[in-house]
Amino acid sequence: MEQHPAAVEDGGGGGGGGASNQMLVLMLVAVASLRLCSLASAQPLCRVHTVRTGKITQDVHETPGILRPSAQDVLYFSSTTRLIRHPCKKNTALYLGQQLFFTTNNFESSLLPLSIPTSMQVGIPEVTSAHFAGSLLLLVVNKRVYIYNYRANSWTASRGVYHPVSHISGDNCCYSRHPFCLDVSNFVFAYLRGDQLSKTNIYFSDRWAYIFEEYASVTQAEILRSLGGIFYLHSLSQVGLLVIEQGQAKFGYSDHPLNSSFGLPFDYNGTLDVLIVPGQKGILIFWFEKSLLVSRNSGQLVFPVQVQEGPGTLYSSVLDAGITIHSVAANENGLAVLTREDSLYYGSLGILTSVIVKLPHQNIWSPQAALMFTDLGILEILTPLPDSEFPAFDFQKCSVNIQAVLMDPQLHIDLCKVEVLQGTFDNKMYTIDMNSKLELAAEMIPRPGTTPVPFAMVSNPHSLGLHVYNFEDGYTYDGNTRHRLNISLKQQHHWGRADTNFTSSIKRPTFSTITVDIANKEISCVDLKPLTALISIGCDLKKKIVVQKEISACYAGNLDPVVLQDNYSYVIEKEAYDPNLQGQKAAQDLVVHYPYEKLGCPLLVPYDTPWKPVLELWQGDKFQEVVKAEYVLLEVNGLFTYTYSLTARTAHCNSQPQNWTTIIRDSQGMFFAWDRENYVSCHDPNNNNPLQWPNVPYQILGGPTENKIIFDQRNGIYVFIIYIVDPYYSYCHLTTTFSIYVYGAFPLHMLKPEITITLIMITILLSVWLAYMIPKWLHTEQGNRFKGMPHHQTLAPAAGTGPNCP
């Protein structure tokens, strides 16, 4: 206290003291500035906040989607902490650790641990695998599969799994509400990882895991190999079987052309978990605590991910970098890794990049921490926090803006060379039917002074071929060059550039994605995600076939539309139909109700003229073409009073043709259909069925022949169903039902032909005999008397017979 006046005095006295004080102030300002600069350059990796809700009362067990803890078995996950996010429902996720937590609001509320009713009798409530299938959560609990319908808050045990399983696998399609996209989530595999292939039991379900069937794989006969996993790889339209042998692994595939060989082997260190990256682009992540690998073509080629610790430090693998992986997360564009060394890494999943970069350090790791992408370039580190007073857990969240972190000058990350990459097709689904094509376009605007290279690729080149034309398309307002990519897509078969050993079967509908990205894209292009669309090489559900009606029976006056609409019925004679569709006469007549509201007025067809329907192909309400493909028809009520103008011989068949009799017989009493799936052309040189009965009717219309229908002498209504059977016309099962009215047939004679011929012969012989006898008789006395008699003379009564006789 005594120094204060002296100090004041010194400050107001000599100039030397003032100078020294000014120097001190300048030094303090400099130190403070340096400290502020260091603080500015050392911004925290993420900002931590805690989610704590619903703790006022003890009724936290009423949280939607979570069952009351009483009479429940609390589930737990014995392996490293995981966090699974629903790829289509961004706020729905499952945390797996010492407890399981299920959320539909992105963990924005306190939660009770997930539990399963004791009535399910799971035994040990240990979870080894989990998967979202549509609106269902699938769990493997104590070697069995259970289904949690979180909308209905109900549990179900799967049926059909009779052996222990440890894992389930599946996928979800988020591009569209199209039925083909929604069906992706139906397909689920259940298997025991690490089991010997020759003894293992693999189960497959196409009903969201409610019912499983045993899956037969040709590669299961291997003796020395073990099972690493089995996956439905929709991006390639193949089932991939991961087999392990002597420290290496490789994929085997289910269908041509990949089923003849395995993918290239890769090192299998530890027990690798397989993460299917959302988007059906064929990206697979393989990881263990000392291994991280990536494949961009559904496992055909697998490469280790490189690790960049600093500007000049690059390791070829996680093992070489000496780090231990704790948690992995991936979305359509990026890959994040949290290590036990309390470090966070990020990498791009671009087409030609496989590097993760170490981000600035912050104390974020704990054994309960898990990673999750919540949005494009936004990563979240989630840690459950127990509460000593309430059973519900709170959640600590640490949100990382990857784009902002990568701008740190200390990381020496190059700037993204692209300002704009856009296309109207992004995140959409398209269909390419047989013999169809699709035109897409994308636009790229580079950063001034740079020359990035855009390119396009497909995930399934065995089915989908493309041609890309890249050109400069003018300039932007600020002088940047605008690049345009015109992309043509059609079936690989129709490009004519691929060998048959490379292309998949053209008869089989498949999937592929088309992705437009930048070659060697910088890791800083976090917000510049690739443009991706899902292509279904299959049925266009808008297509339909219609029978052309030139003249209807109502228009010609043969039938009255008013009568047809008034609950009209007609009778089919028992001699004309067979209820079993085998051409045998029925036991009684059949009364048929005519569905006018569905069929309208029948087409008018003369009975004595060979006829075939004219089919039109429509797409929605637009006419496309007259169908010239092969098709068959069948009278739905069993009428068989018609035949065909050609036989197997006159149709120039090389083998015995199919017919309705063989199709129905092969169905063995089950539902039958003659369509593109089971049709075999008799003109196919690969058809080895010998031509044993060349005179049987040829029942296929259209195509290369001029076959037609010939009707028997019968008038009446026929109701036909038509199936397009040509497998190369469309992937759709094109079918329609229509009616015709056959007219102009005279009624059949009631007498048998033999009797009719006999009567005609008798009449002819009698006429000849009379022509001979009558002239001869006229020359006799009776004949002359008959000739001399007046034509109008009245004969006199005979003697003794008249009225005047006595």
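A residue is called buried when its relative accessible area is under 20%, exposed when that area is over 50%, and partly exposed in between. Keep those cut-offs in mind as you look at this predicted model.

Start with K397. Its relative accessibility is 0%, so K397 counts as buried. K397 also has a charged partner. It forms a salt bridge with E108, and the closest N and O atoms are 2.5 Å apart.

Next, find D255 and R508. Their side chains meet in a salt bridge, at 3.7 Å from N to O. D255 has 25% relative accessibility, so D255 counts as partly exposed. R508 has 24%, so R508 is partly exposed as well.

Now move to E309 and K358. They form a salt bridge whose closest N and O atoms are 3.6 Å apart. Here two strands are involved: E309 is in β24 (residues 306-310), and K358 is in β29 (residues 355-358). The pair links distant parts of the chain, 49 residues apart. With 23% relative accessibility, E309 counts as partly exposed. K358, at 27%, is partly exposed too.

Salt bridges can also join into a network. R52, D387 and D394 are linked in this way. How many salt bridges does the model have? The count comes to 19.

Finally, turn to a sheet. Four strands form an open sheet in the order β20-β21-β22-β23, with antiparallel pairing. Which strands stand at the edges? They are β20 (273-276) and β23 (303-304). Each has a single partner strand, so one side of each is left without a neighbour in the sheet. Look next at β21 (residues 284-288) and β22 (residues 291-295). These two strands run antiparallel, and five bridges join them. Within this pairing, W287 stands opposite L292 in β22.

Technical notes
Residues numbered from 1 in each chain as written. Predicted model: local features only at pLDDT ≥ 70, side-chain atom pairs only at ≥ 80, totals over all residues. Heavy atoms only, no water. Salt bridge = Lys/Arg side-chain N within 4 Å of Asp/Glu carboxyl O. Buried < 20%, exposed > 50% of the residue type's maximum accessible area, 1.4 Å probe, protein only. Pairing = 2+ DSSP bridges.
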